[in-house]
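This report concerns a predicted model.

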Amino acid sequence: MNNADIDLDATDRMLLQRMSTGDRAALAVLYRSYHGRLCRFLSRLTRRSDVIEEVINDCFWIAWQKAGNFHGDSRVSTWLMGIAYRCGLKALRQHGDEPVEDDKLPEQRTAAHDLDDDRELRDWLAKGLEHLSVDQRAVIELVYGVGHSLDEVAVIMQCPVGTIKARLFHARVKLRNVLPALAGDSPKHKEKVP
Amino acid sequence: MTFPKNSSGRDCTGAWDIMPWVLQNSATQEQGDWLKDHLSHCEACSTEFAQQSRLQRALALPVDISVDANAGLKRLLGRLDTADTQEGSFRTRRGNWLNRALVAAVLLQAVGIGTLGMKLWSTGDSPAYRTLSQESASVAPGAIRIVPDAAMTLASWNALLHNLRLQVVAGPNDVGAYTVAPTGSASTAHTLQQLRATQGIRLAEPVAVTP
């Protein structure tokens, strides 16, 4: 954790402390600060924007209730991500992990915003992630997307570090086998692990 | 941390392990340099690292799902308001219940006190005891206490009372004594004398001089 991370965490702790006294302005600041990264993380679990918003709000509802109980055993970001992960799993059990109605499909931004390369890269990723379980997608996002360490991911997912290592390993093997083919290459290392 | 270089298989395992952390910039400088050196002469690991880098770039693309943060926050704050209102309502309901219970308790207490007061009032005029300072019940003037013999007949008793112009005003008590009072103007001493001379009268004494 570098100095910038330490400063950010100190700010987050201060916001949590204010939230524990009922300060809604602090809640709003923390909400806006984490909305983007939680959106990104949860979009690896579900494609439904309504479910993502519901999970984010459930996450901050819990954070609001439990702010006074945060003892600082981990970074605030790790704590919040862990709450979001558990709320996400609960939402998936309730709603399923795929859109059920066409009118609830998320607004696709690819056509309007993405360059061709980005669109291709996004499609490549989406198809690769389809081959992974929810837990494996979460580990890939937390390690490669957010940049968490194995220890932090273990805290978020409430698993032993060995379990996280195994999930990361199997996710990488699957992606290694399917991503080259999705990119138009033949898999050179099929079923072969270093 | 060093990795063996004399075995390409073990080198590749080490390279596989540290790739995510080198991409994260959380690996040490030594690990980064070692991986760079390994990739320069291992095509398989170099291809894998390129794919890992592409994966990281893909994950860094903007989220393609639109979720309005302000709208979400507004709904969350609304949810907090609703929860506060419900909590307040619950407190109010609990407060109402408490007030009603207190009123019921006070009413019950008042009814109890009223009942007890009525009971005391009904027995207050005739206490079952008498203090020594209290005067005894009024006794008729010239009253005499008489204890007749058990063998005395009712006819003899009636005849005696009639001859001496006496009337039973109380008795018999626990020891069989009667209180009689004169209906005429005869003196008490004379009456007493006649009673004491009568056969069948075991005791005759004036009530007024009883200590």
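## A buried histidine

A:His148 has a relative accessibility of 3% and therefore counts as buried, the cut-off being under 20%.

Beyond its neighbours within four places in sequence, A:His148 has contacts in both chains. In chain A its partners are A:Arg75, A:Ser77, A:Thr78, A:Met81, A:Leu142, A:Val143, A:Val153 and A:Ile156; in chain B they are B:Trp21 and B:Gln24.

## Packing of α4 and α8 in chain A

Two packed helices are described by the angle between their axes and the distance between the axes. For helix α4 (residues 76–95) and helix α8 (residues 150–157) of chain A, the axes come within 7 Å and cross at roughly 45 degrees. The angle is why α4(A) is classed as oblique to α8(A). The crossing of α4(A) past α8(A) is right-handed.

On the α4(A) side, the contact involves A:Thr78, A:Met81, A:Gly82, A:Tyr85 and A:Arg86; α8(A) contributes A:Glu152, A:Val155, A:Ile156 and A:Met157. Classified by residue type, this contact comprises 5 nonpolar, 2 polar and 2 charged residues. A:Thr78, A:Met81 and A:Ile156 take part in this contact and are also among the partners of A:His148.

## Chain B as a whole

Chain B contains 6 helices and 4 strands, arranged along the sequence as α-α-α-α-β-α-β-β-α-β. Of contacts in chain B between residues at least 6 apart in sequence, 57% link residues at least 24 apart.

Of the 211 residues in chain B, 28% are buried. The chain exposes about 14,300 Å², of which carbon and sulfur atoms supply 56%.

Notes:
Residues are numbered from 1 along each chain as its sequence is written. Chains are lettered from A and ligands numbered from 1 in the order in which they are written. This is a predicted model: local features need pLDDT of at least 70, side-chain atom pairs count only at pLDDT 80 or more; totals for chains, interfaces and linings use all residues. Side-chain values use heavy atoms; hydrogens and water are left out. Axes are lines fitted to C-alpha atoms, for helices over the stretch in contact, and angles run from 0 to 180 degrees between N-to-C directions. Helices (H or I, at least four residues) and strands (E, at least two) are DSSP runs, numbered from the N terminus. Angles under 35 degrees count as roughly parallel, over 145 as roughly antiparallel, 65 to 115 as roughly perpendicular and the rest as oblique. A crossing is left-handed if the near helix is turned anticlockwise from the far one by less than a right angle, and right-handed if clockwise. Contact means heavy atoms within 4.5 Å. Ala, Val, Leu, Ile, Met, Phe, Trp, Tyr, Cys and Pro count as nonpolar, Asp, Glu, Lys and Arg as charged, and the others, Gly among them, as polar. Buried means under 20% relative accessible area, exposed over 50%, partly exposed in between (1.4 Å probe, protein chains only). Accessible areas come from the Shrake-Rupley method with a 1.4 Å probe; for residues, only the protein chains shown count as cover.
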